[in-house]
Amino acid sequence: MKLVLLSGGSGKRLWPLSNDSRSKQFLKVLESPAGEPESMVQRVWRQLQEAGMADSSYLATGRGQVEMIQSQLGGAVPIIVEPERRDTFPAIALTAAYLYSVAGVSPKETVAILPVDPYVEAAFFDTVAKLETTMEESGANLALMGVVPEYPSEKYGYIIPTTDEAAEGGYMQVSHFQEKPGRAQAEQLMERKALWNCGVFAFRLGYLLDILQRKGLPLNYEELQKQYKLLASISFDYEVVEKEENIVVQPYAGFWKDLGTWNTLTEEMNKSQVGKGVVTEDSEGTCLINELDIPVTVIGAKDLIIAASPDGILVTHKAESPRIKEVLKSFDQRPMYEERRWGHYKVIDYVKYDEGNEVLTKRIFIGEGKNISYQMHHKRSEIWTFVSGEASIVLNEKMHHVKAGDVVRIPEGTKHAILALTDVEFIEVQTGSELVEEDNIRITLDWEDITLHQFIS
């Protein structure tokens, strides 16, 4: 069985720590068994490794999250890349084309899809693994996984079985689905042995390939990438699941939680304070998460969440924190903090002048042995002031050695790259008419390839 984790998200529900490039699954606010900060995606991947399932697992994501995933999980993790952000049906369709035409997976193989950020215990993955057997025994076209409810929740969708009697394999036939119900209806659904829909399901690869063929879509990954923008932005649930009649559901009776809001996330944090600041003892139930270099002091404030990052500051009552996505729906701002495969950067200052010129200042960290690609820009110049560490840089095919205190000027059109010989920090000041990602003209990525372009000075 192949396992595919869907990694998406707009970054609004856990603002200001999350943004368009750092969605909630990448926030290192949990704690690993070793006591180290851990993100949701790191936690899930660790659990997959412990369950012996990581070698058959893939991550499907948009271009904007690739470097974040590589930064947190390493460069060897197999990633299926969407050319642009769509809904779950296009993402899963592209995944099927990749597995078939690139990875060489048989159409008879079972494929399980799950979110990248479930907060679960190890037994959850035992049930995921069971879906392959469930598919074989039931003869169903789709096998879902449903969580046995602990209480009549109004936050989750429900899977309603045709009967409360399970087959020998523990699975049940699915009657229909119910979106987030009111409390009274949720109580009735629980009496019918309905299950929370946790977004986990399985199918044979050939089943989805047949759907693509009926829609006139290519089964080749590269061809489907080219046509990706033509696919309707629709969820897999609406496009496939709710149209399918031969569906079973495998119950899971263990711990499961969706850490999708600040109040649910802070319930699972081992510390009530992360980062600089003071929270007085009489601030009961209050959590402070501070990524800024300045301290935040909280005095006598109960049941609040205070979150501060370069993207902004949030102060909310825990019970009201789910409103953040609605409040920010018209809020548009470039990400002020990003993790990349080579390290991370923080925007210190950004100014756009009346005459149209822009100035952007970043503090950039590159980990030892990592490098930024060989690239150039047509619409901006850069000045690098090195704060710490040592590095090799290539400027227009010539290599130089730099250290703390050195200043490097990179005019428009200059080809450049940097390799960190030790951990390196430097201040980058960009000046130009348009400071956008599209002006990063990448020539090559690997340092060995970069050195082929240069002559030692």
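The model on screen is predicted.

Select Asp-303 to start. It sits in the loop between strand E17 (296-298) and strand E18 (304-309). Its relative accessibility is 35%, so Asp-303 counts as partly exposed. Asp-303 is not a glycine, yet its phi is positive, about 55°.

Asn-396 has a relative accessible area of 41% and is partly exposed.

Now select Trp-15 and Pro-16. The peptide bond between them is cis, with omega near 10°. Pro-16 belongs to the loop between strand E1 (2-7) and strand E2 (30-31).

Then show helices H3 (residues 88-101) and H6 (residues 205-214), whose axes come within 10 Å and cross at roughly 115°. The two helices are therefore roughly perpendicular, and their crossing is left-handed. On the H3 side, the contact is made by Phe-89, Ile-92, Ala-93, Ala-96, Leu-99 and Tyr-100; H6 contributes Leu-205, Leu-208, Leu-209, Ile-211 and Leu-212. Eleven of the contact residues are nonpolar, with no polar and no charged ones.

Finish with the largest nonpolar core, of 87 residues; Leu-48, Phe-203 and Trp-256 are among those with the most contacts inside it. H3 gives the most to this core, nine residues. Around Trp-256, look for its contacts, including Pro-118, Phe-124, Tyr-156 and Trp-196. Another core, of 21 residues, lies apart and includes Trp-342 and Ile-418.

Notes: Residues are numbered from 1 along each chain as its sequence is written. This is a predicted model: local features need pLDDT of at least 70, side-chain atom pairs count only at pLDDT 80 or more; totals for chains, interfaces and linings use all residues. Side-chain values use heavy atoms; hydrogens and water are left out. Axes are lines fitted to C-alpha atoms, for helices over the stretch in contact, and angles run from 0 to 180 degrees between N-to-C directions. Helices (H or I, at least four residues) and strands (E, at least two) are DSSP runs, numbered from the N terminus. Angles under 35 degrees count as roughly parallel, over 145 as roughly antiparallel, 65 to 115 as roughly perpendicular and the rest as oblique. A crossing is left-handed if the near helix is turned anticlockwise from the far one by less than a right angle, and right-handed if clockwise. Contact means heavy atoms within 4.5 Å. Ala, Val, Leu, Ile, Met, Phe, Trp, Tyr, Cys and Pro count as nonpolar, Asp, Glu, Lys and Arg as charged, and the others, Gly among them, as polar. A nonpolar core is a set of buried Ala, Val, Leu, Ile, Met, Phe, Trp, Tyr and Cys residues joined through side-chain atoms within 4.5 Å. Buried means under 20% relative accessible area, exposed over 50%, partly exposed in between (1.4 Å probe, protein chains only). Lists of a residue's contacts leave out its neighbours within four places in sequence.
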